[in-house]
Amino acid sequence: MATTLKINGKQHQVDLPDDVPLLWVLRDEVGLTGTKFGCGVAACGACTVHIDGEAVRSCQVALSDVWGDVTTIEGLGSPDALATIQQAWIEHQVAQCGYCQSGQIMQAATLLAENPDPSDADIDEAMQGNLCRCGTYPLIRAAIHDAASKLKEA
């Protein structure tokens with residue numbers, strides 16, 4: 001059955017079973033490979049995307065359960081106009097191996113949308129479901145604080 005999804009502002013029609021995880025729709029059907037497969041059970045956050053602005057684990061959302069517009073890391077900003085959080089990530093050199101970073105950034109973007117001035121505790125709580133095997137948590141926290149500061153100035 002054909003399903004139409006709005007992903008990063010563009011309509012995409014896919015013809016897949018209803019139970020196919022959104023992650024595979026994004027990666028295999030639409031070709032947006034910035035969203036990563038991590039654990040497959042929503043425990044690591046590598047596959048985090050937004051649905052109507054809410055951070056969700058795309059490995060656990062079935063195609064038929066997608067309730068709104070989807071935004072992936074490719075839709076958060078562009079190479080010519082990075083989102084503030086993406087720019088902060090670069091400036092703080094957060095990425096080590098980089099595998100988890102798109103999910104981390106998507107989770108951080110949701111945090112900043114909901115809480116424009118997060119404390120360290122707010123950041124730790126919001127980001128606790130996004131795991132980084134390289135241990136970049138202090139850099140992640142610094143980048144989020146920096147992005148929050150820049151968003152307040154804008």
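Reader: Where is T110 placed, and is T110 buried or exposed?

Author: T110 is placed in helix α4, residues 101-114. Helices here are DSSP runs of H or I with at least four residues, strands are runs of E with at least two, and both are numbered from the N terminus. The model is a predicted one, in which local features need pLDDT of at least 70, side-chain atom pairs count only at pLDDT 80 or more, and totals for chains, interfaces and linings use all residues. Residues are numbered from 1 along each chain as its sequence is written, and side-chain values use heavy atoms, with hydrogens and water left out. Buried means under 20% relative accessible area, exposed means over 50%, and partly exposed lies in between, with a 1.4 Å probe and protein chains only. T110 counts as buried because its relative accessibility is 5%.

Reader: Which residues are in contact with T110, leaving aside its neighbours within four places in sequence?

Author: Contact means heavy atoms within 4.5 Å. On that basis T110 is in contact with H50, G53, E54 and A55. For G53 there is a further detail: the T110 side chain reaches the backbone oxygen of this residue at 3.5 Å. A polar contact is a pair of N or O atoms within 3.5 Å; within protein, one must be able to donate a hydrogen and the other to accept it, and residues adjacent in sequence count only if both atoms are side-chain atoms.

Reader: Why does Q107 count as buried, and what is in contact with Q107?

Author: Q107 is also found in helix α4. Its relative accessibility is 12%, and therefore Q107 counts as buried. Apart from neighbours within four places in sequence, its contacts are T48, A55, R57, A126, M127 and N130.

Reader: What does W89 touch, not counting residues up to four places away in sequence?

Author: W89 touches V94, Q101, Q104, I105, A108, I140, A143 and I144.

Reader: Which residues of helix α1 are buried, and what covers them?

Author: In α1, residues 22-29, the buried residues are L22, L23, V25 and L26. Their cover includes β1, β2 (10-15), β3 (48-51) and β5 (70-71). After α1 comes G31, with a positive phi near 80 degrees.

Reader: Which residues other than glycine have a positive phi?

Author: Among them are N8, with phi near 55 degrees, and A42, with phi near 65 degrees. N8 is in the loop between β1 and β2, and A42 is in the loop between α1 and β3. N8 is partly exposed because its relative accessible area is 23%; A42, at 30% relative accessibility, also counts as partly exposed.

Reader: What does E74 touch, not counting residues up to four places away in sequence?

Author: E74, found in helix α2 (residues 73-76), touches N8, L32, T33, G34 and T35. E74 and G34 are 40 residues apart along the chain, and their C-alpha atoms are separated by 6.6 Å. A polar atom of the E74 side chain lies 3.3 Å from the backbone nitrogen of T33. With the side chain of T72, the E74 side chain makes a polar contact of 2.6 Å. E74 is partly exposed, with a relative accessible area of 31%.

Reader: Is M1 buried or exposed?

Author: M1 lies in the segment before β1 (2-7) and counts as exposed, at 70% relative accessibility. M1 touches V14, D15 and L16, residues up to four places away in sequence not being counted.
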